[in-house]
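Please look through the sequence and the structure shown below before reading on.

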Amino acid sequence: MNRLLDYRFLIPMALLLGLAPFFPKPHLVEKLSMLLAGTLKRPIDIFDLLWHIWPFVLLGCRVFLDLRARKQ
């Protein structure tokens with residue numbers, strides 16, 4: 001399990017899955033702009049936002065845990 005949470009795996013996963021498709025605009029950017037505009041209403045769009053944001057959340061949790069462990 002620790003190998004799955006290694007930075008060598010998490011960073012490419014966040015960049016590839018989180019930002020794909022890259023053209024014309026990264027999907028995560030499009031969904032976040034829809035969320036801020038208040039047009040993110042369809043269930044498929046909400047699922048799509050969650051699908052593209054979870055790698056960044058996982059990476060953020062890993063960074064947080066590493067920084068917290070470093071302080072102790």
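What radius of gyration does the protein chain have, and what would a compact globule of 72 residues have? The protein chain has 14 Å, whereas such a globule would be near 11 Å; the radius is taken over C-alpha atoms, and the globule rule is 2.2 Å times the number of residues to the power 0.38. This is a predicted model, in which local features need pLDDT of at least 70 and side-chain atom pairs count only at pLDDT 80 or more, while totals for chains, interfaces and linings use all residues. Residues are numbered from 1 along each chain as its sequence is written, and side-chain values use heavy atoms, with hydrogens and water left out.

The protein chain contains three helices and zero strands (DSSP runs numbered from the N terminus: helices are H or I with at least four residues, strands E with at least two). Buried residues account for 22% of the 72 residues, where buried means under 20% relative accessible area, exposed over 50% and partly exposed in between, with a 1.4 Å probe and protein chains only.

Helix α2 spans residues 27-37, and H27, L28, K31 and M34 are buried in it. These residues lie on the same side of α2 because they cover an arc of only 125° around the axis, the arc being that of the directions from the helix axis to the C-beta atoms. An α-helix has 3.6 residues a turn, so residues three or four places apart point the same way. The buried residues of α2 pack against α1 (7-19) and α3 (43-71), a contact meaning heavy atoms within 4.5 Å. On the face turned away from the buried side, α2 carries the exposed residues L36 and A37. Just after α2, G38 takes a positive phi of about 85°.
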